[in-house]
Amino acid sequence: MSSFLLSYAASNMDYIYFDNSVNMQGYVEKQTYEEGQYSVGAFSTTYPLFCFGRIGNGKFFANGSSTIGAALYEPKSGGEIYSNGSGGIYFSRSYNKMVNGVKTWIEGEKVEIPADQIQVLPNGRATFSYTYYQQEENLGFPERTNTFEIPYYDASLAAGTLLKGENDVCYWTKDTGSNLAPFFGYADEFPCFAFDIVLRQGTPNGAYTISLDENYCRLRTSSGLLPLQYVNTTITVGTASATVTEDQTSPYYCFFAENNREIRLNQANGELISEVTYEDGTTNTSAIEAAATCGQSPAELYTQQSGGAYIDEVAFSLASQPLQNADGTAYTKKLLIGKKGDANLDGKVDVEDAISVLQYYAQTAAGLQTSMNQTFTEEQRILSYFLSDIDTCSQNQGADGGKIEVEDAVQILTYYAQQSAGLEPTWQNR
């Protein structure tokens with residue numbers, strides 16, 4: 001890993017913004033250590049936990065650098081914008097200009113805009129105009145005028161308060177030290193980055209989708225950019241009830257028992273169309289799969305099973321309001337959960353699972369029609385295939401392109417060997 005870039009912005013800036021971005025550069029260490037656990041052991045730390053860091057001598061250290069654009073920036077030559085305490089603002093900038101025909105660098109010039117030069121708009125935004133020097137030496141750095149909009153203007157802010165912008169950016173770079181390789185925990189172990197999504201008071205009722213754009217969220221390594229995948233989410237405001245009108249989602253969802261993220265129905269393909277009724281009596285029909293949840297994680301549900309697999313119907317809700325079908329019954333989804341690599345669904349990952357995978361592969365390679373276990377129910381076969389397909393995790397016994405091959409058995413045996421040696425192995429994809 002050499003760097004990571006994440007940028008985000010809301011589609012409706014009048015009601016949604018981002019706040020409380022964690023900035024490792026500006027973070028003040030705690031006075032006492034906190035103890036913690038992760039996939040390969042225990043540690044203590046005075047830092048917030050992120051997967052960019054390192055574990056040394058049982059302690060977690062921030063590793064690399066982060067630049068967080070949590071505030072508003074003057075668009076022409078940089079500079080954070082601050083309140084002057086009297087309704088006005090100020091910022092600093094550095095630039096080139098011509099002085100007596102000589103190119104001259106101006107460092108850290110403070111620009112002040114008094115309150116009477118700020119025009120407040122009906123939507124709560126504000127604009128101001130100022131002059132700047134266009135940074136084109138061949139033109140002689142001509143003076144120009146620019147009008148800039150403040151998305152969240154507040155004349156009552158105390159002097160020195162940093163104004164908030166409407167987007168944010170997180171950029172991590174690798175430490176140059178040769179022995180400080182970044183630590184990557186699992187996404188559900190240590191977050192890469194954290195921020196709050198804020199819906200302002202007075203936000204109209206409705207469903208608001210928050211998504212990450214793959215064109216602006218990327219991980220760079222020495223061999224190039226890595227493809228990343230994102231799961232979007234939806235937040236509903238003012239929901240009183242919701243009735244499913246069209247269900248294009250899968251009749252079942254497979255999960256790993258190691259997954260401790262809350263289950264949502266956008267973790268697979270297909271839309272869940274529902275008529276949502278809001279507290280003010282208005283209704284709207286929209287896709288809500290990203291907001292529909294059972295309120296529990298696969299890991300939590302798996303602990304409720306008595307055998308080696310969890311297979312059950314689970315009720316779903318929207319903003320804590322139960323989802324219902326058109327006939328008034330509760331909307332449920334069949335969830336299939338087991339330990340990754342547990343092909344025979346006995347609750348353990350061992351040699352027997354690898355043998356099951358090899359037998360299945362040999363039979364399919366010979367052109368025979370077979371399944372993971374002839375005594376399994378269809379749902380057990382679906383789950384067994386999902387747990388055995390280590391690298392591609394097929395949800396429908398290979399119909400989506402996932403294949404069970406010899407390498408899957410090898411990875412199961414490797415996991416078992418490490419476990420037998422007293423190690424704490426983890427799966428790369430869970």
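Select E275 and T285: E275 stands opposite T285, which lies in strand β23. Strands here are DSSP E runs of at least two residues, helices are H or I runs of at least four, and both are numbered from the N terminus. You are looking at a predicted model, where local features need pLDDT of at least 70, side-chain atom pairs count only at pLDDT 80 or more, and totals for chains, interfaces and linings use all residues. Residues are numbered from 1 along each chain as its sequence is written, and side-chain values use heavy atoms, with hydrogens and water left out.

**The hairpin**

Now show residues 283-287, strand β23, together with β22. The two run antiparallel and are joined by 5 bridges. Strands count as paired if DSSP finds at least two bridges between them. Go to the turn: 4 residues separate β22 and β23 in this hairpin. One stop there is G281, with a positive phi of about 90 degrees.

**Across β22**

Select residues 272-278 to see all of β22. Is this strand mostly covered or mostly open? It is mostly covered, with 5 of its 7 residues buried. Buried means under 20% relative accessible area, exposed means over 50%, and partly exposed lies in between (1.4 Å probe, protein chains only).

Pick E246 and you find its bridge partner I273 in β22. Pick T243 and the partner in β22 is E275, the residue that faces T285 in β23.

**On to β27**

Stay on T243. Which residue of β27 does T243 stand opposite? It is Q324. Select residues 321-324 for β27, which pairs with β20 in the parallel sense over 2 bridges.

**The enclosed helix**

Jump to residues 378-388, helix α3. Because 8 of its 11 residues are buried, α3 is largely enclosed by the rest of the structure. Among the buried residues are R381, Y385 and F386. Show the cover next: it includes β21 (252-256), β25 (309-315), β28 (332-338), α2 and α4.

**The nonpolar patch**

Helices α2 (351-365) and α4 (406-420) each supply at least two of its residues. Click L413 in α4. L413 counts as partly exposed because its relative accessibility is 35%.

Conventions: Contact = heavy atoms within 4.5 Å.
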